[in-house]
Amino acid sequence: MALPPLDSPQWQSPWRAFAWGLRSITQTILTIVLFVTYLGIGALAHDTHFSLVWALASTLFVWAGPAQIILITTLGSGATIIQSAIAVTVSAIRLFPMVVSVLPLMRTPTTKRRELVFAAHLTAVTLWVECHRFLPLVPRERRIAFVHGLGCGLVSVCLVANTVGYFLAANLTQTLGAAILLLTPLSFLFSTARNSREVADVVALALGILLYPLAAKMNSGLDILVSGVVAGTIAYGVHWWREVRA
Amino acid sequence: MSFAQLIGDWHALAVLFVAGVVPNQIWRMLGLWFGGGIDEGSELLVWVRAVATAILAGVIAQIVVEPPGALATVPDVLRYGAVGAGLVVFLLTRRSIFAGVVTGEVFMLAGKWWLG
């Protein structure tokens, strides 16, 4: 499937642009990665005793895989609401620069802020990557509709994956259930590693994994935050040191 | 599974909004509101990105080290081995997410089968 040329009459209708966005989910491997990740989230929600509606609502209203996993694992392991909220909000800060950098791609001189609210909600790492790839091929005045289509398509795929994962975890043998739960750490580890372009990202990822077991021994209830802030700050130090030397 | 079980309790759904939806969504809306004025390469954002990545890394480690539900029935050595084997193949295949995930899964399932 190729998108129609920029001057094609196909782009005259916003609904057509929405449909092209929807169909574009078939053009990226990231759709499969998302499906696998959300299959795992559905299974994780089941095994930590959340309901299916809870899992689907978290996908619809949070729409950020890392935040959903942090929420499920922290609440599931007995953290307080405040502790979970802090861990989620720190993980979500990265959405801020993503939204800041992606919205100008859709804005026209007459675009009102409220027209961008839904596009901002849909912004997460996958959409952010795909916007940079697809939007140059879409006429500017149809980009919001296109992104709405693309985002709705990705959300739908993930809702289906959640449901499938939830019921698989409920009905599969223990071994296969374990295999589905293992999808989450594997897909997150490799997709984060793939997105790590700078040394600071790689150090943060590796140290964050290695320091967690140490932080967990302290049993503060804030293990993830402690290891995250320490590992992230060391990674920033490495970045700063390299900049100074360069 | 009954309808009530599918919905679960309302308390848990309220917690989802307080601990999950609001703390997450606030950053998107701030991005929408204050866009423009922020330099994407600023030092503060570099630090924030590093901490966010390390927190996610901690969550990955937590699921493997203190596994939930059915994953807890898999012996330690198989869980760590699966992540290690997946990582090696991920790096050898020039960062193929698919190859890494499949290798990790096959390692774990084969190990389970072999151990009986």
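Residues 53-75 of chain A are 87% helix and 0% strand, with end C-alpha atoms 16 Å apart. Helices are DSSP runs of H or I of at least four residues, strands are runs of E of at least two, and both are numbered from the N terminus. The model is predicted: local features need pLDDT of at least 70, side-chain atom pairs count only at pLDDT 80 or more, and totals for chains, interfaces and linings use all residues. Residues are numbered from 1 along each chain as its sequence is written, while chains are lettered from A and ligands numbered from 1 in the order in which they are written.

Residues 81-106 of chain A are 77% helix and 0% strand, and their end C-alpha atoms lie 36 Å apart. In chain B, residues 46-65 are 100% helix, with ends 28 Å apart by C-alpha.

In total, 85 residues of chain A contact 64 residues of chain B (C-beta atoms, placed from the backbone, within 7 Å). Helix H10 (residues 174-195) of chain A gives the largest share of the chain A side, 19 residues.

Helix H4 (residues 76-92) of chain B has 17 residues. Its buried residues are Arg79(B), Ala82(B), Val83(B), Gly86(B) and Phe90(B). A buried residue has 20 or more other C-beta atoms within 10 Å of its own, an exposed one 12 or fewer, and a partly exposed one a count in between, with C-beta atoms placed from the backbone. The buried residues of H4(B) pack against H10 of chain A, and against H3 (43-65) and H5 (97-115) of chain B. Asp76(B), Val77(B), Tyr80(B) and Leu92(B) are exposed on the face turned away.

How values were computed:
Two residues are in contact if their C-beta atoms, placed from the backbone, lie within 7 Å. The expected span of a helix is 1.5 Å times one less than its number of residues.
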